[in-house]
Amino acid sequence: MTTTLTTLSGNPRRGSRTLAVAEAAATRIVGLVGGSAPVDDRVIELADLAGQLFAPEHPEADAALDRVAGSDVLVVATPVYKASYTGLLKSFLDLYGANGLRGVVALPVVVSGNPAHLLSTDIHLRSLLVELGASVPTRGLGVVESQLGTIDDVLDAWFADHGGLLRGAVTARAGAGAAA
């Protein structure tokens, strides 16, 4: 059985540092859960879909919504804007109905210039994902811009503390999917 992992970047700029952190975390997750089963890993940059989010019809955004909701694992990344996530990310996630992410195991990732804003990872972004029905079994991954040069060390520490819980949640989801 293939595990699907989607990396969703809510940064309004393509190729951002936020995306780089999210992709590094996703790579670690692939190693964590891949084992003997293949992982289908894809990236969605909301900067590419920004023009569609408020249009009457948004076929590319709809396809992205389906991809995200159909994922086993979702890495959701945003820079901190006004002590919270970006409006771009919120606008995309607002297109889901109640429980639109039910059954998806999610990892919230926040990149901030100010260490005081790292609380937004678990207070704001985690809460939003849980409200949409996602399973968020661990603390989020908060990274301060000054840590970007040592991101491997940051990820080593985070995965040492939380990797087992994340792997367990993904394994449980895969087991539930196989039983269905």
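Reader: Which residue stands opposite Val43 in E2?

Author: Two strands pair if DSSP finds at least two bridges between them. Here Thr7 stands opposite Val43 in E2. Strand E1 (residues 3-9) and E2 run parallel and are joined by 7 bridges. Strands (E, at least two residues) and helices (H or I, at least four) are DSSP runs, numbered from the N terminus. Please keep in mind that this is a predicted model, where local features need pLDDT of at least 70, side-chain atom pairs count only at pLDDT 80 or more, and totals for chains, interfaces and linings use all residues. Residues are numbered from 1 along each chain as its sequence is written, and side-chain values use heavy atoms, with hydrogens and water left out.

Reader: In what order do the 5 strands form the sheet?

Author: The order is E2-E1-E3-E4-E5, in an open sheet with parallel pairing. Strand E2 (39-45) and E5 are at the edges with a single partner strand each, so one side of each has no neighbour in the sheet. From one strand to the next, the twist averages 15 degrees.

Reader: Which strands does helix H1 touch as it packs on the sheet?

Author: Contact means heavy atoms within 4.5 Å. For directions, axes are lines fitted to C-alpha atoms, for helices over the stretch in contact, and angles run from 0 to 180 degrees between N-to-C directions. Helix H1 (residues 17-34) touches E1, E2, E3, E4 and E5, and its direction makes about 165 degrees with that of E1. H4, in turn, lies across E3, E4 and E5, at about 145 degrees to E4.

Reader: Which residues of H4 are buried?

Author: Buried means under 20% relative accessible area, exposed over 50%, and partly exposed in between (1.4 Å probe, protein chains only). In H4, the buried residues are Ser120, Thr121, Leu125, Leu128 and Leu129. Viewed down the H4 axis, they fall within an arc of 100 degrees (taken from the directions from the axis to the C-beta atoms), so they line one face of the helix. An α-helix has 3.6 residues a turn, so residues three or four places apart point the same way. The cover over the buried residues of H4 includes E3, H3, E4 and strand E5 (141-144).

Reader: What is Leu129 in contact with?

Author: Leaving aside neighbours within four places in sequence, Leu129 contacts Val76, Leu93, Leu101, Ala106, Pro108, Ala134 and Val136.
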